[in-house]
Amino acid sequence: MILESALLDVLPGQEDAFLVAFAEAKPLIAVQKGFRSLELRRCVDTGRESRFLLRVEWETLEDHTEGFRRSAEYEKWRTLLHGFYSPFPEVEHYGQALHSA
């Protein structure tokens with residue numbers, strides 16, 4: 001399993017519109033080969049209310065980087081969501097947990 005992680009800095013004042021767009025975009029990723037789950041959390045720290053953490057679980061790295069990112073659904077995802085970010089998020093991928101409790 002691969003964990004994709006991205007900090008999404010949404011333009012201040014656009015948080016509600018982002019959440020509406022994300023709800024529309026979510027089914028586009030959920031139908032992808034290798035998709036396992038996703039989680040979107042909003043930052044609760046004072047002054048960071050426009051920041052969201054996106055975590056997506058994939059079967060393989062390629063399911064995300066080659067499958068989803070090269071799909072027609074990704075083009076729709078990009079159209080729906082990418083205009084909300086400043087700066088554009090850095091996406092990282094992580095392997096299996098080394099420790100957990």
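**Strands, a helix and a pocket**

Me: Which helix and which strand each supply at least two residues of the lining of the largest pocket?
Reply: Helices (H or I, at least four residues) and strands (E, at least two) are DSSP runs, numbered from the N terminus. A pocket is an open set of points on a 1 Å grid over the protein atoms alone, where a 1.4 Å probe fits with protein on both sides within 12 Å along at least five of seven lines, and lining residues have an atom within 4 Å of a point. For the largest pocket, the two elements are helix 3 (72-81) and strand 1 (2-9).

Me: What kind of model is this?
Reply: Side-chain values use heavy atoms, without hydrogens and water, and residues count from 1 along each chain as its sequence is written. Local features need pLDDT of at least 70, side-chain atom pairs need 80 or more, and totals for chains, interfaces and linings use all residues, since the model is predicted.

Me: Which element gives the most to that lining?
Reply: The largest pocket has 15 lining residues, and nearest its centre lie Glu-4, Arg-69, Trp-77, His-82 and Val-91. With three residues, the top contributor is strand 1.

Me: In strand 3, what is the bridge partner of Ser-5?
Reply: Strand 1 runs antiparallel to strand 3 (residues 51-58), and eight bridges join them. In strand 3, Ser-5 has as its bridge partner Arg-55.

Notes
Pairing = 2+ DSSP bridges.
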